[in-house]
Amino acid sequence: MDDFAEFYLSGKDTVFRAVLAAGGDRAGAEDAVAEAYARAYARWETVREHPNPLAWVLRVALNVRRSVWRRLRREVLGDPPEQSAAGLEPDGGLRRELAGLPRRQREVVALRLLADLSVAETAALLGVTEGTVNTHLHRAVQALRHQLRPARRVAHEPIPEVA
């Protein structure tokens, strides 16, 4: 039990940030992370032997979040409702831009940059090649740079005086 408590305390924030960045609202991310850790606890003897238990929990949390979104999509016509809390958070602008990325790019950004997994770990977790991870990360970063770049100010020439 003690080693699970240490595992939970050392990784819960990383997993939460990754799931939140991969898409969704704060409450949904919290629920997905809680469910993933509950499943890890129930299978702790097996999960502890996994080469990367944190990656296991991340994968479960992302799958839980995706399953919830699929159920919601079936229940509601059209897209899920906009998250009203996103604008209230300090990183709301970045979260909105992340939400605009394709799902796989969001997942790669969350795992590589927020969860700090290696390219190989991310590829194994998502079931893609390392080249695919690099491509998705490159495209996501380029899109975010373009969307978050402040509008360039145009230097105005002085207006000539009319006599």
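Thr 122 sits in helix α7, which spans residues 119-126. The model is predicted. Thr 122 has 0% relative accessibility and therefore counts as buried. Among its contacts are Arg 112 and Val 133, two residues that also take part in the contact between α6 and α8.

**Surroundings of Thr 122**
- A polar atom of the Thr 122 side chain lies 2.9 Å from the backbone oxygen of Ser 118.
- Leaving aside residues up to four places away in sequence, Thr 122 touches Leu 111, Arg 112, Leu 117 and Val 133.
- Of these, Leu 111 is listed among the buried residues of α6.

**Helix α6**
- Helix α6 covers residues 103-114.
- Its twelve residues reach 15 Å from the first C-alpha to the last, close to the 16 Å expected at 1.5 Å a residue.
- The buried residues of α6 are Gln 105, Arg 106, Glu 107, Val 108, Val 109, Ala 110 and Leu 111.
- After α6 comes Asp 116, with a positive phi near 60°.

**Packing of α6 against α8**
- The axes of α6 and α8 (residues 130-148) come within 9 Å and cross at roughly 100°.
- The two helices, α6 and α8, are therefore roughly perpendicular to each other.
- From α6, the contact is made by Arg 104, Gln 105, Val 108, Val 109, Arg 112 and Leu 113.
- From α8, Val 133, His 136, Leu 137, Arg 139 and Ala 140 contribute to this contact.
- The residues in the contact of α6 with α8 comprise six nonpolar, two polar and three charged.

Methods: Residues are numbered from 1 along each chain as its sequence is written. This is a predicted model: local features need pLDDT of at least 70, side-chain atom pairs count only at pLDDT 80 or more; totals for chains, interfaces and linings use all residues. Side-chain values use heavy atoms; hydrogens and water are left out. Helices (H or I, at least four residues) and strands (E, at least two) are DSSP runs, numbered from the N terminus. Buried means under 20% relative accessible area, exposed over 50%, partly exposed in between (1.4 Å probe, protein chains only). A polar contact is a pair of N or O atoms within 3.5 Å; within protein, one must be able to donate a hydrogen and the other to accept it, and residues adjacent in sequence count only if both atoms are side-chain atoms. Contact means heavy atoms within 4.5 Å. Axes are lines fitted to C-alpha atoms, for helices over the stretch in contact, and angles run from 0 to 180 degrees between N-to-C directions. Angles under 35 degrees count as roughly parallel, over 145 as roughly antiparallel, 65 to 115 as roughly perpendicular and the rest as oblique. Ala, Val, Leu, Ile, Met, Phe, Trp, Tyr, Cys and Pro count as nonpolar, Asp, Glu, Lys and Arg as charged, and the others, Gly among them, as polar. The expected span of a helix is 1.5 Å times one less than its number of residues.
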